[in-house]
Amino acid sequence: MLRVGILTKEWPPDVYGGAGVHVDELVRELRPRADVHVHAFGPTRTGAAGHVVHPEFADANAALQTLAIDLDMVRVLDHVDVVHSHTWYTNLAGHLAGELFGVPHVITAHSLEPRRPWKAEQLGGGYRISSWIEASSYREAAAVIAVSDGMKLDLLDAYSFVDPDKVHVVRNGIDTIGWRPEPANHHLAEHGVDPSRPYVVFVGRITRQKGIAHLLAAVERFDESVQLVFCASAPDTPEIGAETARAVAALQERRSVVWIQEHAPRPVVQQLLTHALAFLCPSVYEPLGIVNLEAMACETAVIASDVGGIPEVVVDGDTGLLVPYDASEPKAFEHAFADAVNVLVADPQRAKAMGVRGRARAVADFGWDVVATRTLEVYTSAGAVPGAVAP
């Protein structure tokens with residue numbers, strides 16, 4: 001049986017983004033088919049060996065802390081036949097382990113540092129380090145998995161030195177048993193949402209990538225009958241957190257905005273999605289967008305920007321509405337996004353029909369079993385051989 005080393009920053013219960021969801025679901029499907037060893041940032045917990053920051057690096061730049069954790073991971077990867085890293089946080093560990101032990105290193109491209117310049121706000125000079133790590137790792141990787149066709153094109157544009165034949169598209173999946181319509185709605189009132197009024201919902205981290213500033217500007221043009229449920233937490237920096245808080249507070253003086261600031265558990269998010277008129281995804285950068293699949297699985301229409309891999313998930317006019325995004329014309333995007341919301345506010349039956357078709361699409365085209373099968377095929381194409389390294 002193939003021995004696989006999965007390297008990740010996030011692992012339950014510490015999952016805050018799409019990459020973490022991807023790793024959790026992928027490992028669940030891989031484990032019956034391979035001998036999977038997960039190595040994650042943080043303490044050891046069920047299903048994963050933990051790697052923490054050494055006390056000597058406690059006050060270091062976050063990028064240096066990442067390097068220290070990566071080296072700690074490499075130390076114990078001498079028993080696997082393939083290493084599979086997720087995000088720049090573990091790319092270096094994967095690259096070094098591949099070189100040290102002579103096994104293939106496979107990368108899943110969830111996002112690209114050159115496409116996220118706002119990360120400099122969070123990492124400072126560490127952003128240059130993260131960019132160097134990512135570029136160097138992609139240059140040497142045995143194979144790269146892109147989570148959408150759009151991501152593959154973006155990757156080859158950002159890193160023209162990568163051999164296109166080494167890039168394999170394996171789209172993200174969705175657990176359509178766990179994510180399904182939830183008839184109960186008691187969590188809505190618990191969080192201040194009026195279930196008797198229509199509402200639209202945003203769920204995501206507070207980061208530039210998610211287009212939050214555009215969303216909050218667009219709310220000013222929403223039909224006054226609709227509530228915005230803003231389920232947003234984990235700001236990238238204190239500055240963007242404070243900026244968002246000011247914008248929400250100003251909106252709440254004029255509009256119905258409910259801000260759920262904690263990282264809401266799945267049962268809460270499931271109810272919020274199920275009973276929403278639409279899920280909103282105004283991202284300025286989105287390789288695929290698992291959260292759109294989660295909304296679709298809950299039979300919720302999606303209104304989203306047309307960036308990255310989103311058009312490969314949301315079918316414009318069928319499972320939701322796509323809004324063209326042009327960074328040079330933010331006001332035009334905000335106005336068009338509000339117009340799309342108002343279209344569905346005026347026609348809730350259309351929104352409901354979009355949600356039904358969205359779930360059917362999620363079930364038919366985005367199963368995690370397919371993702372796991374394709375991932376194993378990529379390992380083999382990259383040269384992974386069971387027992388290549390003596391246990």
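Start with H95, which sits in helix α3 (residues 88-101) of this predicted model. Is H95 buried or exposed? H95 counts as buried, because its relative accessibility is 18% and the cut-off for buried is under 20%. Now show its contacts. Beyond neighbours within four places in sequence, H95 touches H105, S137 and E140.

Next, select helix α1, residues 18-30. This helix has 13 residues and reaches 18 Å from its first C-alpha to its last. Colour its buried residues: among them are A19, H22, V23, E25 and L30.

E25 is buried at 7% relative accessibility, whereas R266 is partly exposed at 33%. Together with E25 and R266, they are linked in a network of salt bridges.

Jump to helix α14 (residues 368-381) and pick E377 and R374. Their salt bridge has its closest N and O atoms 3.1 Å apart. Because they are three residues apart in the helix, about one helical turn separates them.

Finish inside. The largest nonpolar core has 51 residues; Y138, L155, V201, V203, L272, L273 and F279 touch the most other members. Helix α11 (residues 290-297) gives the most to this core, with five residues. Which residues does L155 contact, leaving aside neighbours within four places in sequence? They are A109, L112, Y138, V144, V162 and V167. Another core, of 34 residues, lies apart from it and includes L216, A301, L344 and M354.

Note on methods
Residues are numbered from 1 along each chain as its sequence is written. This is a predicted model: local features need pLDDT of at least 70, side-chain atom pairs count only at pLDDT 80 or more; totals for chains, interfaces and linings use all residues. Side-chain values use heavy atoms; hydrogens and water are left out. A nonpolar core is a set of buried Ala, Val, Leu, Ile, Met, Phe, Trp, Tyr and Cys residues joined through side-chain atoms within 4.5 Å. Buried means under 20% relative accessible area, exposed over 50%, partly exposed in between (1.4 Å probe, protein chains only). Helices (H or I, at least four residues) and strands (E, at least two) are DSSP runs, numbered from the N terminus. Contact means heavy atoms within 4.5 Å. The expected span of a helix is 1.5 Å times one less than its number of residues. A salt bridge is a side-chain nitrogen of Lys or Arg within 4 Å of a carboxyl oxygen of Asp or Glu.
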